[in-house]
Amino acid sequence: MKIFLPYHLGCGNRGCEGICRGISKIFNANPSDLVLYNMTQSEFYDDKKLGIDEIGELKYRGSFIFESGRVIVKALRKIGFTWPYLEYMSEHYLAGAKAGDYFLMTGGDIYCYENGYVLPNLLAKKAKKKGLKSIIYCASFEEKYLSPSVIKGLSNYDVILTRESISAAALQKLGIQNTIIPDPAFTLEPTPVELPEFFNKRPIVGLNFSPYTNSSDLFEENIVKLCEYCDEIDMDVCLIPHVFWKGQDDRDAMNVILSKLGKNVHFLDSTKYSYLQIRYIISKCKYFIGGRTHSVISAYSTKVPCLALGYSVKAKGIAKDIGMPDYTVLDSKNFKSKNDLIDAFRKLIENEQEIKKAYENLNTYVKRCYEAKRIVE
């Protein structure tokens, strides 16, 4: 019996690394039993550099015929013919799977965007026909996108494991049975690494944001004012990119604003570090502010007082479930003034002990991650 992770996609998103490492740990999977799919050759080799081939078998169809076919169907998709692309990619993702194997759709936030469900639901349908046991795992769901098409597709899963209670309630309201299991990345321990020199000078505020967080002038003003304020209270800021995929690269969003920031702002070359090493670096920050969910999970896991720049149900749900106060999740797409971020950050500092008290429940919360194995079996 093998466990297939067709939506692993590659560690260019360090959150994908966190999910697959967490699953490997929770299921106590032998490397020969875990199959992870990469989309591109570069992702395949990057995953090998990070040692993902030590926890599972990496799959990538690197043949000229496959690459040529992928280019053709992508071109068809751009002019409106989406079905050939979906069919082509679904065959790639399920290659080698046999009846009785496990198909884990590591959902993340794919159901938090309009039309994000199409390929995952097609995969679930094909997996069911092949006789695979289908599980959607580590998923969040935006209620406004739970259309009849989405709901129909979800019926092809044998088990639905949502990662936070807001999504679980939205599904329950529609009569869809599911179980809340925290994100598997919560189970992981940081890997120590030599810290950049600037960590030895002043306390560090870790900061992560992405093209998805916001790109408005008001958002940029909030970031600039935050960094200036940190300097005033004798703290440095470290920008910590977490995703490097083309079109979604955190560095692109950060570089747009970098010239407006002061000398107390440093830029971490996160490409040199694995998810676990980035978690260690985040653990050494005095405070953390993050847009990427798995960067925030690293702060929560290492008990660093944290603000989430939430633009989706996932941020609100995870924070709620671990007992974080409401003000620690900011709707970064709808800032009202240039002081929204500073005001929340000041409150975080003032209530640091309250945050640390909320973290006292983390051990119980993390233990629930291991229920996934029992439920799936």
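Two strands count as paired if DSSP finds at least two bridges between them, and helices (H or I, at least four residues) and strands (E, at least two) are DSSP runs numbered from the N terminus. This is a predicted model, in which local features need pLDDT of at least 70 and side-chain atom pairs count only at pLDDT 80 or more, while totals for chains, interfaces and linings use all residues. Residues are numbered from 1 along each chain as its sequence is written, and side-chain values use heavy atoms, with hydrogens and water left out.

Strands β11 (residues 287–290) and β12 (residues 306–310) run parallel and are joined by three bridges, with Gly290 opposite Ala308 in β12.

## Helix packing

The axes of α1 (residues 14–26) and α10 (residues 275–283) come within 9 Å and cross at roughly 105°. The two helices are therefore roughly perpendicular to each other, on a scale where angles under 35 degrees count as roughly parallel, over 145 as roughly antiparallel, 65 to 115 as roughly perpendicular and the rest as oblique. Arg14, Glu17, Gly18 and Arg21 of α1 make the contact with Tyr275, Leu276 and Ile278 of α10, contact meaning heavy atoms within 4.5 Å. By class, this contact has three nonpolar, one polar and three charged residues; Ala, Val, Leu, Ile, Met, Phe, Trp, Tyr, Cys and Pro count as nonpolar, Asp, Glu, Lys and Arg as charged, and the others, Gly among them, as polar.

## Cavity and pocket

On a 1 Å grid over the protein atoms alone, a cavity is a set of points where a 1.4 Å probe fits but cannot get out, and a pocket is an open set with protein on both sides within 12 Å along at least five of seven lines; lining residues have an atom within 4 Å of a point. Grid points are joined across faces, edges and corners, and a volume is the space filled by probe spheres set on the points.

The structure holds one cavity of 30 Å³ or more, and the largest cavity contains about 90 Å³ of space. Of its 14 lining residues, Gly291, Thr293, Val296, Ala308 and Ala315 lie nearest the centre, and α11 (293–301), β12 and α12 (313–322) each supply at least two residues of the lining. The second largest pocket has a volume of about 260 Å³, and among its 15 lining residues Glu142, Lys144, Tyr311, Ser312 and Val313 are the closest to its centre.

Note on methods
Axes fitted to C-alpha atoms, helices over the stretch in contact; angles between N-to-C directions.
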